[in-house]
Amino acid sequence: MNEDVTVEVVTDLARPEDVLPTVLHLLPLEKKPFFPGQVLPIILDSRRWGKTLKAIQKSGHRVVGVSFTDGIRPEAVEKKDFRKMGTVCKIHQMEKHDDQYHVVLAGMQRFQIDKWVSDKRPFTAQVSYFPELNPKPTTELKAYTTAIVNIIKELLPLNPMYGEELKMYLNYFGTGEPSRLADFGASLTTANAVEMQEILEAVELLPRMEKTLVLLQKEVEVARAQTEIRQHIEGEITQHQRELFLREQLKFIQKELGISKDDRESEIDTLLDKLDGCVIPEHAQKRMNEELEKMSVLERGSPEYTVTRNYLDWLTSVPWGKNSEDSLDLEKAASVLDKDHEGLKDVKERILEFIGVGKMKGEISGSIMLLVGPPGVGKTSLGRSVANALGRKFYRFSLGGMRNEAEIKGHRRTYIGAMPGKFIQALRECETANPVIMLDEIDKMGASFQGDPGSALLEVLDPEQNKDFLDHYLDVRVDLSKVLFICTANQLDTIPAPLLDRMETIRLSGYLAAEKVSIGRKHLLGRQLKRAGLKQRGQLRIDTEAIRRIVDEYAREAGVRKLEKMLGTIARKAVMKVLKGEELPIHVKQNELEEYLGKPAFSDDDRITGIGVVTGLAWTAMGGATLDIEATKSHTFSRGFKLTGQLGDVMKESAEIAYSFVLGNAERFCVDQSFFEDAMVHLHVPAGATPKDGPSAGITMTSALISLATGQTVNNSLAMTGEISLTGQVLPVGGIKEKVIAARRMNIKTLILPKANKGDFEELPQYIVKGVKAHFVADYEEVFSHIFTHS
């Protein structure tokens, strides 16, 4: 039952809003709470809330309670979703449109749900009210009121919407009603629903005004940020519109003066500007004029225009006739080479000879050099040094794994994404017609159904043909005769013979131990210290003897890459010590290397010695190497000859020849013929995982078999190389320089070499052959006399 009660007020006469029912019908608010003194339009579904609204109309007082439901939609709301504190409202207007009620509510005062009367639609509850009284003025209240008014004043210029809402508020209330002012201030903000509900539930006036002040201050900060963003965007738009307007004015003025150019003409001018200083051949100029004429009539949006534009961009990027001036100062060139590389005296001399010929002629014409050597000996960096010595631009690309000839000669323009080949790209990047172009790893090219790059290089690397090099994309002949080509390879076997015939081969055989120590001190150590962030003198010192031990026991390869890795390992471990606060500088001595690098990978004690063991010399793509060839008698059950060590066909034939030669000449070499009658002889070449081939181990295998049969040992400070024939002749072999360096690396100073290779040995630089004693032999009897002299 709805019983009316009178709420106590300060006036003598009761106003209509002072007389409110103790039992209210409730409506949900989905998005945010509603404050007293505000006007709120809501829309309700007539099927779910029609009974509630009709019940309110029948009650006669047209009063309803609204309460926030934490985002629950009105059609799904239940009793538990209503907040206990809400606002009692007067229904000013209610109209039905189709299936919806449009209701306008005016907030009167706060209420609190005390007890539910109906927990289903229509929801009704017994409530108690909190009248909006006019409190007694105090200094604190006045201060809060003034603060709220001042902040609202700050908001007004930031957003025009605030001004409209303030006008509506002042039509009904004034600043002398602090309770209404606090609620109005909270309603101005964009605070979330939970914060607004806290304001509604703050019945005490001063705490409510304090919370309102906090929300208003946040709103001012947000509004200022929005204003700054809006002004920034408007400024950019205004600037853009201004530039657009000025650009249109400029076009109009140029048109009136007869000097206007459209975008197509501007692009053509840009292309032609790139040709300043170029000497364009007649055939290239003719093609260029044809393409420019085509471009001038095509629509800018057509695909053909883009294709033509890209083609002309490449064609005008070629440095037609632009040559950089060569530096032909031999002393400067020698200084550059010595600064960048240690040793390699013969290679440097050959490069200086090449520059000297150019100086004599007055120019260095295109040439093709091939640097062959094991990894890590400085082939690529040597090419860069040549470019620096000549003062030319340098361009490098790797041919390793290349299988498509279009990489060399370009794609035809009919393909989407077509581009010129690497050589035209090199000319464009270097901006000169005479750069130094390095073709790295030329021995590792491939071939596939897409073409054979090796065959495509024949035209490029032929001095008689490359002056009219034809790229498939440009389809215009380009002069490459001024380009200096430097190729690198680890071995010659995989380079096609016609291609090899066009290049001048310069061999880099590897470094001696002393050279590697010098390279480590002068070049590699400083580079590794810089990479590790260390200062050479102030934080890390490595003794020269320590570097020498690294070369001897950790990095015996022909190049210096392993040595650089070892120095890098020391630098990294030194960094850890520096970070741990150890005393500086960190001094690495010879006897401390195992702490940094672990156990040595090589040792002289690892050399194989004994009966049937002879040291041979071999050439590999990694440089020269020593091979300890072993021969032993496995058993006497049957006669035979067994070979192991992953030997190639040529090496197997050499072993068969050596076995036959020893059997046929046993008496000459003091061998008991009965030894082989029932012996299974096993000949092995260690490092079985490494493939081996070639004839140069012939005399070494023969010596191992004789040592086995006679029971005599061969001094392991001696090494030999040479091919043997069935008649005992010692035939010449290749790679003498690499083999001599390998022997010196192993501290072997006595060599037996074929007599036919005497000239190769004598041509070696003095610093390589110094301290090496070589015996040149033409027949195996001479080998036997040197090995078994004291037998």
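Mentor: In this predicted model, R287, M288, E291, L292, K294 and M295 of helix 8 meet E304, Y305, T308, R309, Y311, L312, L315 and T316 of helix 9, where contact means heavy atoms within 4.5 Å. The residues of this contact divide into 7 nonpolar, 2 polar and 5 charged. Here Ala, Val, Leu, Ile, Met, Phe, Trp, Tyr, Cys and Pro count as nonpolar, Asp, Glu, Lys and Arg as charged, and the others, Gly among them, as polar. Residues are numbered from 1 along each chain as its sequence is written. As the model is predicted, local features need pLDDT of at least 70 and side-chain atom pairs 80 or more, while totals for chains, interfaces and linings use all residues; side-chain values use heavy atoms, without hydrogens and water.

Trainee: Why are helix 8 and helix 9 called roughly antiparallel?

Mentor: Helix 8 (residues 282-297) and helix 9 pack at an angle of about 150°, with their axes 10 Å apart. Angles under 35 degrees count as roughly parallel, over 145 as roughly antiparallel, 65 to 115 as roughly perpendicular and the rest as oblique. Helix 8 and helix 9 are therefore roughly antiparallel.

Trainee: What makes helix 9 roughly perpendicular to helix 14?

Mentor: The axes of helix 9 and helix 14 come within 9 Å and cross at roughly 65°, and that makes the two roughly perpendicular. In this contact, D313, W314 and S317 in helix 9 meet I424, Q425 and R428 in helix 14.

Trainee: Why is T432 called buried?

Mentor: Buried means under 20% relative accessible area, exposed over 50%, and partly exposed in between (1.4 Å probe, protein chains only). T432 has a relative accessible area of 10%, and is therefore buried. T432 lies in the loop between helix 14 (422-430) and strand 11 (436-440). Leaving aside residues up to four places away in sequence, T432 touches P319, K322, S324, K393 and L427.

Notes:
Helix = DSSP H or I, 4+ residues; strand = E, 2+ residues; numbered from the N terminus. Axes fitted to C-alpha atoms, helices over the stretch in contact; angles between N-to-C directions.
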